[in-house]
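User: I would like to go through this model with you, starting with what counts as buried. Could you set that out before we turn to particular residues?
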Amino acid sequence: MGKEIEIGPAAELPPGKVVGAGPYAVGNANGTYFAVSRRCRHLFADLAGGRIDKDGCLVCPWHGSKYDVASGRMVRGPQGVFAKIPGLSPAVKAYAQVIPLRRGTVAQREGTLFVR
C-alpha cells in the first residue's frame with residue numbers, strides 16, 4: 001500500500017470545499033469525501049484550486065473541465081475559448097475517458113482525514 005497522507009480535521013473540509021494533499025485534490029462532494037490526482041488532463045491545472053458544482057463534480061479552475069469524482073472520468077471537456085477549437089474538447093475528453101484521474105481512498109479516524 002502507498003503512504004498515508006494526513007489531510008486535516010474533517011470539520012475543516014465541509015461540503016463544496018477542495019484542498020491539496022500531496023499528489024491529490026481532496027474534497028467533499030455533497031457530504032462524500034473524495035481524492036483524485038491533482039492535475040487536470042487538459043493543461044495540468046492544479047485541481048486543488050477547483051470547485052464542486054451542483055452535480056457533485058470537480059470543476060477545473062482554469063478552463064472548466066468537469067470530472068466525476070467517483071470514477072475520475074472527465075464528463076465535460078474544456079470550456080471558454082478552448083471549447084471553440086474544433087475537435088479539441090472532444091479529443092481531451094476522449095483521452096480522459098481512457099486515462100481517468102487516479103483516485104485515492106479517504107479515511108476518517110478520530111475526526112482527522114487521511115488519504116492513501
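Analyst: Buried means under 20% relative accessible area, and exposed means over 50%. Please note that this is a predicted model.

User: Then is Ser37 buried or exposed?
Analyst: Ser37 has a relative accessibility of 7%, and because buried means under 20%, Ser37 counts as buried.

User: Where is Ser37 found?
Analyst: Ser37 belongs to strand β4, which covers residues 32–37.

User: And which residues is Ser37 in contact with, leaving aside its neighbours within four places in sequence?
Analyst: With those neighbours set aside, the contacts of Ser37 are Pro23, Tyr24, Ala25, Leu47, Leu101 and Arg102.

User: Changing topic: in what order do the strands of the open sheet come?
Analyst: The open sheet has four strands in the order β5-β6-β7-β8, with antiparallel pairing. Strands β5 (51–52) and β8 (74–76) are at the edges with a single partner strand each, so one side of each has no neighbour in the sheet.

User: How many bridges join β5 to β6?
Analyst: Two bridges join β5 to β6 (residues 58–59), and these strands run antiparallel. Within this pairing, Ile52 has Leu58 in β6 as its bridge partner.

User: Leu58, then: buried or exposed?
Analyst: Leu58, in strand β6, has a relative accessible area of 0%, so Leu58 is buried.

User: What is Leu58 in contact with, leaving aside its neighbours within four places in sequence?
Analyst: Apart from those neighbours, Leu58 is in contact with a set of residues including Val18, Phe34, Val36, Leu47, Gly50, Ser65, Tyr67 and Val69. Its bridge partner Ile52 is also among the contacts of Leu58.

User: How far apart in space are Leu58 and Gly72?
Analyst: The C-alpha atoms of Leu58 and Gly72 are 9.3 Å apart, and the two residues are 14 residues apart in sequence.

User: On to the hairpin. What do β10 and β11 have between them?
Analyst: Two residues lie between β10 and β11 in the hairpin, and Glu110 in the turn has a positive phi of about 50 degrees. The strands, β10 (residues 106–109) and β11 (residues 112–115), pair in the antiparallel sense over four bridges. In this pairing, Arg109 has Thr112 in β11 as its bridge partner.

User: Lastly, the surface. Which residues make the nonpolar patch?
Analyst: Tyr95, Val98 and Ile99 make a nonpolar surface patch of about 300 Å². Val98 lies in helix α1 (residues 88–98), and Val98 is exposed, with a relative accessible area of 68%.

Conventions: Residues numbered from 1 in each chain as written. Predicted model: local features only at pLDDT ≥ 70, side-chain atom pairs only at ≥ 80, totals over all residues. Heavy atoms only, no water. Patch = residues over 30% accessible without salt bridge, like charges linked within 9 Å, V, L, I, M, F, W, Y side chains within 5 Å. Areas by Shrake-Rupley, 256 points an atom, 1.4 Å probe, with all protein chains shown as cover. Salt bridge = Lys/Arg side-chain N within 4 Å of Asp/Glu carboxyl O. Buried < 20%, exposed > 50% of the residue type's maximum accessible area, 1.4 Å probe, protein only. Pairing = 2+ DSSP bridges. Contact = heavy atoms within 4.5 Å.
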